[in-house]
Every structure is written in structure tokens, then in C-alpha cells.
Amino acid sequence: MRARSIGKAIRRPTTGLALGLALLVVPATAVAGPAFAGGGPAPAAAHGVTKAASGLDDPAKKEIAMKLVSSAENSSLEWKKQYAYIEDIKDGRGYTAGIIGFCSGTGDMLDLVELYTKRKPGNILAKYLPALRKVNGSDSHEGLDPNYKKDWKKAAQDPAFQQAQNDERDRVYFDPAVKQGKADKVGVLGQFAYYDAIVMHGDGSDKTSFSNIRKRAMAKAKTPAQGGDEKTYLNAFLDARVWAMKQEEAHSDTSRVDTAQRVFLKKGNLNLDPPLDWKVYGEPFHIG
């Protein structure tokens, strides 16, 4: 059973871009959004030392980020096995699917299938686009059942669909998180904390969105870009994140912060240097 977050706000898209709201060590090339330097893995640094040259978009760090999120979303480090995942987890957001939990009720699944169809017209999911537009903003399966789940799993065997999932993940979630983290001058751990927050909460206008979590943290501590201490600010951000999670019953288990991100922060591992040991929902994970 997939143990995933369900915090993305339901929305109606106003443009072709998603407003809501994993790869081998080679990053996906996004079709939209800012490009970031990919470079090879940076030399290891002592815990507590954040190097400006290293960001979460470093290929090795990005692979770690995908595993960390998958440990919370899928109870597994094998994130590349999740392209075919699809189920209705009864959270009011319709079908949840793929490597980052694209939802039929929140718009990001629609954007994904539109991208896939633009790149590969006539694909097995293209016929569902009218239904996906109709059910967006609801938990309805109208026009999707009975074969959508079966067809999604077939599409997931197509490298073009896998790449589309990678690219939409980056455009909507990963790239904005890294860009904001670098602007705030937080290191790899801080950029990951931003990414994980956007994955769960989206970045809409509601009080638990990523932007408002960040604002809540900044009311308590300055970002490094403002002259603040990085660890102090990240503690404030994680406090704000836990507050946001507790606003929804489904997020009452905050272990992805308490026994994962907070553990790395307490150790001063601001660069997310392996080895990494953490727990989510009481289950231990390790990256050597």
C-alpha cells in the first residue's frame, strides 16, 4: 500500500502551466522552466558545511532527493518503479498516479497527459483528455473507468511517458523549489525541504501552500539571504511545515519531517552527504 501525501489543493487550471501544485543520476531535461547547471557530484564536505557550488540539482543530490521523497510517498527507495503506480486513495482528488502523485482532480495529471500527447499524438492516454478536463477539480472517475488504470500502466512502459513524468515533476515541483532555495541561500537540505513541501502542499494561495509555509517561517527567522543563520531558519521552516501538515488529518503523521529532515538538520548535514539514515512512518531507510 502506497503511503503518500494528499495535500495538493484541487484547482481549475487557468493556463497550460500547472499552478498547483523520479531518473538515474542523469537529470531530466525539462521542456519548460529554468535550466540549472547539472555538473557531476561535488566533492564530499564535512557535515554542517554548505558549499555554494552544490545544489539539489546536482545529479547525485537529485537522486538522493528522489529516494527521500519516495520513502515517504511510496515506502520505497525505488522511485523509478512508480511510473506505473495508480490508485484512488479516497482523498477527494480522484486518481493519484506516477512518480510524484499526479492527481486527476488537481490538474497536474491533466497537464502531464497533455504534454505526453503533444510529444506523442495518438498515445494510449490521449483519448482520456476530454474526461480529464471534465473531472479536474473533483474526485470523479467519469469517462475514465473502467480502463484508465490499465491504460496508464501500459503507458508507463513507454520511455516517452516516463520522460514526460520526469519533466512535469521538474517543471512544477523540483525546479521551483531549487530556484527559491538558491535565492534564499539555503543549501541542499534546505532546497530538499522546499521540494518536499511543494510536493505535498502545492504552491497555491491557501494558508498551507509552500509559499505561505515559507512566509510563516520568515516571520520567525531570517533566511541566509537576509543575513540569518541557516540552521535557525530551517528549523523555523520545518516548524511551519509541521504546522501546515497538522491542519489536515491525513497529514497528522509528521515523521517525514520529524524523523527524516529534522534528523539531518540536527546533525548539521546541510549538504545531505551520505551516509543518510532516517525513518518514515517508523520504517527505517538508509542511503550509503
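Is lysine 120 buried, partly exposed or exposed, and what is its relative accessible area? Lysine 120 is partly exposed, at 37%; here buried means under 20% relative accessible area, exposed means over 50%, and partly exposed is in between (1.4 Å probe, protein chains only).

A quick word on the model. It is predicted, so to speak of local features takes a pLDDT of at least 70 and side-chain atom pairs count only at pLDDT 80 or more, while totals for chains, interfaces and linings use all residues. Residues are numbered from 1 along each chain as its sequence is written, and side-chain values use heavy atoms, with hydrogens and water left out.

Now the salt bridges (a side-chain nitrogen of Lys or Arg within 4 Å of a carboxyl oxygen of Asp or Glu). The count comes to 19, including these:

| Lysine 182 | Aspartate 57 | 3.0 Å |

Lysine 120 sits in the loop between helices H2 (108-119) and H3 (129-135), and aspartate 158 in the loop between H4 (148-155) and H5, so the pair ties together parts 38 residues apart in sequence. Helices here are DSSP runs (H or I, at least four residues), numbered from the N terminus. Aspartate 158 is buried, at 13%.

Finally, Glu73, Asp196, Arg241 and Arg256 are linked in a network of salt bridges.

How values were computed: Helices (H or I, at least four residues) and strands (E, at least two) are DSSP runs, numbered from the N terminus.
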